[in-house]
Amino acid sequence: MSPFDLLGLTDDADERAIKRAYAQRLRGTRPEDDAPGFQRLHAAYQAALEYCREAPRSPIEPPALLPDEASVVPATTTSAIAVEPIVLPPFDPAAFCSEAFERAAADEAAALQLWLAEQPALWSLQLKMQTSHYLMEQLYLHEPPMSAACMEALLRFFDLDHALAGHDPLALVQLERRTRLAWQLQSSAEAVLASRLEIQTSSQRWRAHWILSQLQRPFEWPRVLWLGLYPANPGMIADFVENVSDHHPEDLPATIDRTQLTFWRAAARRQPISRPRLFLGIFRSAIILLLAMLLAPLLSYAFTDSIALQPMLIAVGVLMIPCAAWALWIGWSALDHWHIEGGSLPADRSARTYLVPAMCVGGIMLDALFEGGVGLLLFVPSLWLAMRRYWYQHPSRLAIFRPGNVRLMLVLSIFLLRGVLQTKLGDDAVSLGEIIAAVAMLAWAADLWKQRKHQVAID
C-alpha cells in the first residue's frame, strides 16, 4: 500500500495536505491503543513528506510501498520490513504553553489547530490530560492576549469547551473576556478594536490612542492634575473605559494602571461627590485664583492708567465668580445626595428626617428678622429637597406625575395659589415664602407618612 493511499491522498498532494490528513487520522489511531497501526501511519507520514520534499529536486519516482497489515511477516525472516520504534522527544509543558500563547496572540486559529495536532507528545491521552490542567493554570495566572477564536481552538483541542470539563463556567467567561480585551488592546488588533467601538474618523482614532497611552502610564499627580484641568477629560476617559471594557473595567489587562483607572472613573462620577472630583475642582479654582492675581494689576492699569487697589479687587472678584459657583454647586449636590440616600446610623436618619422642617423654621425666622423675602433662601431649597426625596423614595408610574412635569405644575400652582389667597385675604395676609414653606411641609409629611406605612407593613 502506498503511503498516500494510507493517508487517503493522491500522489500529487502537497505538504500541507499531508499534515492535515495525518492530523485527522491521528484522532482514531492512538499509540497507546494501536501501536502497530500508529507505527504504520507515522511511517507513511514520514515517507509521504520525504517524497513531497524531494520531488522538485529529482525525477519523480513512485514512493516506496508500505506493507499491508495482512502481509506483514515475522521479524525473524529476511523478507520482513522492519519498522523502527518511534522515540518521542521530551515534553516541556511550560515551553509548550509559552509557544501556544504566542501563536494564539497572532490570531490564526487554523494555524494554531494544525500546530496542536502535530504535537506528537500530546498523542498520549494521559499526557494530554495533564497538559490541559497545566494549561488552564497558566491561562488563569497570566491571562495572555488572544482572540476568541484562538481561545475556542485551545479549549476544543483539550476537550475543555463544555460544562463537564470541571472548571467554573463563570470564571471561564471572565477569563475569555480578559484575554480578548488584552488582545484587542494590542497594536496588531487595532482594526478589530476600532470596528467594535465604531471608530471611524482620525480624531476618534487619535483620542483612543491618547486615552490608552495615559491609562498605561504610572499614576503621577502633576500629570493627572494637568489633564484634569480641562473639565471634559474625566468624563471622556471614563466613557472610553466603559465602552472598551464592555462595562467590565475590572477585566482590563494588567498594562492598564489600576490607580489611574480608579481615579478617572471616580472623578467622572457625579454622585456622590468623590475625592478625585473634589481635588480637580480645587486645583482648577487655585489656577483661576492665580490667574486673577496675575491679571488684576494689568486690568487695573488698563482702566485707570495706574495700579489701584479697588479695580484689582473688582477684577479678582469677577474672576472668582466661577469658583464660588462651583463650590456652591458641589455643596448643594452633596447635601441633595445625602438627604436622598445618606447613611444608616440613627443620628444620620434623624437629621435627614427633620432637615426640611428645620429649613422652613429658619426661613420663617429670617423673614421675621429681615425684610425683602430673605426667607426664600431657605424656603426654595427646602421645597426642592422635599420633592426630590418624595419622588426618589416613591416613584410614580404615570407619565404625568414624572418629576419634571410635577415641578412645572408645582411652580404654576404656587403662583396661582398666591394670587387666589392675596385676592381673598389681602396682599399682606400671605407671602410667597409662606406658601412655598407650606407646600414643602406637605411633601415632607406625605413622604414621612408613606415611610411609616411601609415600615408597619414590613413589621
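The model is predicted, so local features need pLDDT of at least 70 and side-chain atom pairs count only at pLDDT 80 or more, while totals for chains, interfaces and linings use all residues. Residues are numbered from 1 along each chain as its sequence is written, and side-chain values use heavy atoms, with hydrogens and water left out.

**Exercise 1. Determine what span helix H4 (residues 93-105) should have, and compare it with the distance between its end C-alpha atoms.**

Step 1. Helices are DSSP runs of H or I with at least four residues, numbered from the N terminus. The expected span is 1.5 Å times one less than the number of residues.

Step 2. For the 13 residues of H4 this gives 18 Å, and the end C-alpha atoms are 18 Å apart, so the two values agree.

Step 3. Just after H4, Asp107 has a positive phi of about 60 degrees.

**Exercise 2. Identify which residues of H4 are buried, and state what they pack against.**

Step 1. Buried means under 20% relative accessible area (1.4 Å probe, protein chains only). In H4, Phe96, Cys97, Ala100, Phe101 and Ala104 are buried.

Step 2. These residues lie on the same side of H4, because they cover an arc of only 130 degrees around the axis, taken from the directions from the helix axis to the C-beta atoms. An α-helix has 3.6 residues a turn, so residues three or four places apart point the same way.

Step 3. The buried residues of H4 pack against helices H5 (109-117), H6 (125-142) and H7 (148-157).

**Exercise 3. Classify the aromatic pair formed by Phe263 and Trp264.**

Step 1. Rings of Phe, Tyr and Trp (its six-membered ring) pair if their centres lie within 6.5 Å; planes under 30 degrees apart are stacked, over 60 edge-to-face, and the rest tilted. The structure holds eleven aromatic pairs.

Step 2. The centres of Phe263 and Trp264 are 5.2 Å apart with 90 degrees between the planes, an edge-to-face pair.

Step 3. Phe263 is buried at 6% relative accessible area, and Trp264 is buried at 1%.

Conventions. Helix = DSSP H or I, 4+ residues; strand = E, 2+ residues; numbered from the N terminus. Buried < 20%, exposed > 50% of the residue type's maximum accessible area, 1.4 Å probe, protein only. Contact = heavy atoms within 4.5 Å.
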